[in-house]
Amino acid sequence: MVGGEAAAAVEELISGVRRATDFAEQFRSYSESEKQWKARMEFILRHLPDYRDPPDGGGRLDQLLSLSMVWANHLFLGCSYNKDLLDKVMEMADGIEVEDLPQFTTRSELMKKCQPPESSPQR
């Protein structure tokens, strides 16, 4: 009865996804919007297998949660971080689609706008 085996496999897969989602839900910040949380949860769930804490501890899960916050803060709040760190989290987030991201102006861009135009040479 192949149909029964397929249905059981699908149910097991759905159950696994629910457990992973329930596990990740405990890490949601009260200040995160639904859009922010969905994006960060996708980031967490994507990398959770690689960052599971070993039996003796080690804080790998804490590292993943920190990386997810760096990525979300950069994307949604415009925070800036060390280039190597940003490169790492952007690579980890490759393929995660987030719509309607806010646009930020950097301090350097603002300073350029405030500078008076260079005067042309006098003759």
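Helices (H or I, at least four residues) and strands (E, at least two) are taken as DSSP runs, numbered from the N terminus. Colour the chain by secondary structure: along the sequence the pattern reads α-α-α-α-α, with 5 helices and 0 strands.

This is a predicted model, in which local features need pLDDT of at least 70, side-chain atom pairs count only at pLDDT 80 or more, and totals for chains, interfaces and linings use all residues. Residues are numbered from 1 along each chain as its sequence is written, and side-chain values use heavy atoms, with hydrogens and water left out.

Next, select helix H2 (residues 34-47) and helix H3 (residues 60-77), and display Phe-43 in the former and Trp-71 in the latter. How are the rings of Phe-43 and Trp-71 arranged? They are stacked, at 5.3 Å centre to centre and 20 degrees between the planes. Rings of Phe, Tyr and Trp (its six-membered ring) pair if their centres lie within 6.5 Å; planes under 30 degrees apart count as stacked, over 60 as edge-to-face and the rest as tilted. The two residues are 28 residues apart.

Of the 123 residues in the protein, 24% are buried.

Finally, select Tyr-51 and Arg-60. The charged end of Arg-60 sits over the ring of Tyr-51, 4.5 Å from its centre; this requires NZ of Lys or CZ of Arg within 6 Å of the ring centre and within 35 degrees of the ring normal.

Methods. Buried means under 20% relative accessible area, exposed over 50%, partly exposed in between (1.4 Å probe, protein chains only).
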